[in-house]
Amino acid sequence: MALSGRPGPASEHALLPHDTELRAAARHPARRRFLTVTAAAAALAFTTNLPARGAFAAPRLPASRITEDPFTLGVASGDPLPDSVLIWTRLAPAPFEPDGGLGQQQVDVEWEVALDESFAVVVQRGVAVAYAEYAHSVHVDVRGLSPDSHYHYRFRTGTWISPAGRTRTAPGPGSDATGLRLAAVACQAYHDGYYTVHRHLAQDDVDVVFHLGDYLYEYAVDSAGGARNHTDVVLPDVFNRETTTLADYRMRYALYKSDADLRAVHAAHPFVVTWDDHETENNYAGAVDENGSDPDQFLVRRAAAYRAYWENQPLRAAQLPQGPDARLFRRLQWGTLAQFDILDTRQYRSDQAYGDGTHVPGPETDDPARTLTGDAQERWLIDGWAASTALWNVLPQQVCFSQRKFDLNAEAMVSMDAWDGYRAGRGRLVAGAKAAGVANWMVLTGDVHVAYAFDIKDDFDDPASAVLGTELTCTSAASGRDGAQRPANWDTFMRANPHMRFYDGRRGYLRVELGRENARADYRIVPAVTTPGAPVSTAASFVTEVGSPGLQPA
């Protein structure tokens, strides 16, 4: 048994690149830059403060003094390993207040993990501390569990007991797991609709859910909740502005997690999460925001966004940000069946070419010095493929990997924010996968608010080129509102991209079953999210066979 959520003192953390940049800038400034960086450094220190120790520690709040339900944001679990899983909650009796209603005091939180839903057979229990510096979130890395097993978990403080969650561990190293059912979701703008997709996914029989980014949107949400058009609640004004501060991001997560369907899907399945852009700011690239702000100032905002992300997700202490930096890319195994290499395509990327947006490819898109992943993450990924012994190598990431032409011109427009805008980097990954002999390669993608299925080609401009793998995009849970089965550009996209095997513009999620002989993908869709209660159905299903890449209708 081991507790997380209480990392070592700041002196134990290595100095990260942006710490060095801020300090160096402060040593050699012009007057304007001095004022900017000094303010940024002060804000950064406030944003990233750690719990005090010893005589300076915040006082404990007796749990008996908590008079309102503190478990308003639910529970979650994530990143299952063969012998452990991370369980999470965040105390917030007043979730729409900056401090969650608990002030600056610490709170003791009991937790327990059982084999049964009635908690008659408890196998692990302990006490964690909810620190105000971490928004009273609790991250417990429960170790010593059995491989390939299901568990139930819950938390308690005072007389309050959280909802129970259900989770599981991964199969043991080297075990020949016969199958895995996963789901992929992304893009859940609260103001664009209800989380009907999550309600259906909570009831589905899957082993793990991959959230591929845009868990939160920074945009203002009006008093009626945008397209939800609430009539039974009036949202406070604190949401009717763009998120920029730590308090803003914390309260925005509270708004999202106030949705019962989002809480239900987290309680039902373990999640593996990664971010895209909107958890911080639209289309940011590294230290560059979309408005061309001073990078030092933007890094303060990024630090706040990253901190709030960790506080509100089932992530281990290894993912705790240090200032504006966080190691979110990581690798998980499912016995010998699958290796998952979870990417971060925002934090390390070069600025988008040609002013972002869409553009025809040019020298910038093919510049080998430009990167979407950063050099270290790219080497980590390719080395991981070379060492992999898994049958399936799955790449959960954010933006479209396959070529996606927007028109039928000889020189077609493509997205500068996706891998089409970083073609040299994509070429290096394709070469790395081929060199490693990755035979069963699958890319899982979010971001685009539509469902696509692609054959990944050795040369996208040659229809006769070899198929190297499969890319599946999961559409959005709410972003884009209801959508349409065939968007206005459907015919153009299907003609311009012969390797695109499927395109649907409605909301939903992706369900994939990995087996020893093949993988099956089901595109689960709902007809509407602007009104609650829509049914779910399967729009299309595809199969790709082991050793024979390429999608075939199921």
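The following questions and answers concern a predicted model and its local geometry.

Residues are numbered from 1 along each chain as its sequence is written, and side-chain values use heavy atoms, with hydrogens and water left out. In this predicted model, local features need pLDDT of at least 70 and side-chain atom pairs count only at pLDDT 80 or more, while totals for chains, interfaces and linings use all residues.

Q: What pLDDT does the protein chain average?
A: pLDDT is the predictor's confidence in each residue, from 0 to 100. Over residues 1-35 it is below 50, whereas 91% of the residues score at least 70. The average for the protein chain is 92.

Q: Which strands are the edge strands of the open sheet of 7 strands?
A: Strands are DSSP runs of E, at least two residues long, and helices are runs of H or I of at least four residues, both numbered from the N terminus. Two strands pair if DSSP finds at least two bridges between them. The order is 12-13-15-17-19-18-20, with mixed pairing. Pairing on one side only marks the edge strands, strand 12 (330-334) and strand 20 (500-504).

Q: Which residue in strand 20 stands opposite Ala-453?
A: Strand 18 (residues 451-457) pairs with strand 20 in the antiparallel sense, over 4 bridges. Opposite Ala-453 in this arrangement stands Phe-502.

Q: At about what angle does helix 7 run to strand 13?
A: Helix 7 (residues 375-387) lies across strand 12, strand 13 (338-342), strand 15 (392-396) and strand 17 (441-445). Axes are lines fitted to C-alpha atoms, for helices over the stretch in contact (heavy atoms within 4.5 Å). Angles run from 0 to 180 degrees between N-to-C directions. The angle of helix 7 to strand 13 is about 175°.

Q: Which residue in the turn between strand 23 and strand 24 has a positive phi?
A: Strand 23 (residues 537-545) and strand 24 (residues 548-553) pair in the antiparallel sense over 3 bridges. They form a hairpin with 2 residues between them. The positive phi, about 80°, belongs to Gly-547.

Q: Is Glu-112 buried or exposed?
A: Glu-112 lies in strand 3 (residues 107-114). Buried means under 20% relative accessible area, exposed over 50% and partly exposed in between (1.4 Å probe, protein chains only). Because its relative accessibility is 12%, Glu-112 counts as buried.

Q: With which side chain does the side chain of Glu-112 make a polar contact at 2.6 Å?
A: A polar contact is a pair of N or O atoms within 3.5 Å; within protein, one must be able to donate a hydrogen and the other to accept it, and residues adjacent in sequence count only if both atoms are side-chain atoms. At 2.6 Å, the partner is the side chain of Arg-154.
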